Protein chains: 2
Amino acid sequence: MTYCVAIKLDDGLVFASDSRTNAGVDQVSTYSKMHTFETEGDRIFVVLTAGNLATTQAVVNRLKRDMEEGVEGSFADVAHMSDAAEYLGRVNREEQEKHSEALSKSGIVAEATLIIGGQIQGSEPEIYRVYPQGNYITTSQHTPFLQIGESKYGKPILDRIIGPSTALGDATRCALVSIDSTMRSNLTVGPPIEVFVYEADTFAFEHYLCLEADNAYLRSLTQAWDENIKKAFVDLPLFDWEAAGGRKKRGTQFHLSKRARKAAR
Amino acid sequence: MTYCVAIKLDDGLVFASDSRTNAGVDQVSTYSKMHTFETEGDRIFVVLTAGNLATTQAVVNRLKRDMEEGVEGSFADVAHMSDAAEYLGRVNREEQEKHSEALSKSGIVAEATLIIGGQIQGSEPEIYRVYPQGNYITTSQHTPFLQIGESKYGKPILDRIIGPSTALGDATRCALVSIDSTMRSNLTVGPPIEVFVYEADTFAFEHYLCLEADNAYLRSLTQAWDENIKKAFVDLPLFDWEAAGGRKKRGTQFHLSKRARKAAR
């Protein structure tokens, strides 16, 4: 499986993706799901991929070759981000169709879902989710982020934290926490985590990180989050039926179970 | 859809469930998904239901009638919680089969998934998840909770907080936060939230709550959680590329986006 998220903010865009692919539990591999394309100073695109690995690799190859060869309607010359999404949807559908008949006989699905984001000189930064059928949606003021893959575990924290005015750094931390939560709850999502933070109007790949599981920043972030989440529980209001002295006893710890309290005596 | 969770702790059991059922977005109703059965001082059972509403209603009716009539092998006389799970699985399969042929012609699935928990005099409290096929699984030291229905949104917070030694009150708050997060991210899960906290060896229905959306405790809990989660973000370590003075400026607020900072000048 996969988990990728892209966020559109007033200040720019945040992209984050895991790197685990699996075809059955004994065929687990590591592949980057974040692909970048640019014409210096004029346009910058980021594509995040989920779904059939052969399809997504074929799609990314086509995108690269078309851009290098300056194919009309490719990333080389599209005038708007929505045109880029339209083009990506077309390439996605074409690559799926090449093998879909043979694949369906084996019960395999060729589908891929993608996110494309970026900026073209003269327009605002935008992000789009592109479906296997080639159609696509973008964000709104109330829906500032798009996800693909195993997206449910990591959605609540994004729903709570992210708004259009969230700063790029906070949004990036939130995306990392969202992926970390997903990795803890689901084995098919795994490190390294790739992050790219795009500051609007810079047309530059400045803030890119590839965080392995033992990366010092990632470890300090996830550890701090784990501690802070536990602290966040301590101050929650007690139920009537809980011991009247409960609040005083708690300090910065959870309640001890009765069994643990007995053992401590 | 539905979201129910049951937790097995050293001190007892926690059950929580939402109350929304839907057959399409224009047929949304409110039904309790928590059903309780007891023989005073001897045995106590809680059944949580997810899936086809006609099936779960038929199952609960059978459970009640069998118990009232003292049917052999029913909740009235099973000797172990695993026997109760076995019996519940049999009833579930039988009720599904009654209409499954007709339903499948209409493309409707009769399946139901249930959680049963409780205690029988002389045994420990236990919980089981019962599948549509009638088989069942229980908890372990490393997997102290079971979920049914729309379970992914609310799983990360349970994974972080719940262990066997968690106190009943903390586990109950965690279950409520888990359901609240799910309700925010998914419209098919909705209030009122029912909660039952069973203290081991009491064989009593002491701590039962049915919390409507405007319940004062639920509102204070979800509001406190929302604030605490946001605070939990403030102390997270900054990236190198964030403004050097960033940490000082943050205080207990998030970073302001550049656009917001400009507007404030």
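Student: How are α5(A) and α5(B) oriented to each other?

Tutor: In this predicted model, the axes of helix α5 (residues 216–234) of chain A and helix α5 (residues 216–234) of chain B cross at roughly 155° and come within 9 Å. α5(A) and α5(B) are therefore roughly antiparallel to each other, a label for angles over 145 degrees, where under 35 is roughly parallel, 65 to 115 roughly perpendicular and the rest oblique. Axes are lines fitted to C-alpha atoms over the stretch in contact, with angles from 0 to 180 degrees between N-to-C directions, and helices are DSSP runs (H or I, at least four residues) numbered from the N terminus.

Student: Which residues of α5(A) and α5(B) make the contact?

Tutor: Counting residues whose C-beta atoms, placed from the backbone, lie within 7 Å, α5(A) contributes A:W225, A:N228, A:I229, A:K231 and A:A232, and α5(B) contributes B:W225, B:N228, B:I229, B:K231 and B:A232.

Student: Switching to chain A, at what angle do α1 and α2 pack?

Tutor: Helix α1 (residues 53–68) of chain A packs against helix α2 (residues 81–105) of chain A at about 130°, with the axes 9 Å apart; α1(A) and α2(A) are therefore oblique to each other.

Student: And which residues are in that contact?

Tutor: From α1(A) they are A:T55, A:A58, A:V59, A:R62 and A:L63, and from α2(A) they are A:V91, A:N92, A:E95 and A:Q96.

Conventions: Residues numbered from 1 in each chain as written. Chains lettered and ligands numbered in written order. Predicted model: local features only at pLDDT ≥ 70, side-chain atom pairs only at ≥ 80, totals over all residues. Helix = DSSP H or I, 4+ residues; strand = E, 2+ residues; numbered from the N terminus. Contact = placed C-beta atoms within 7 Å.
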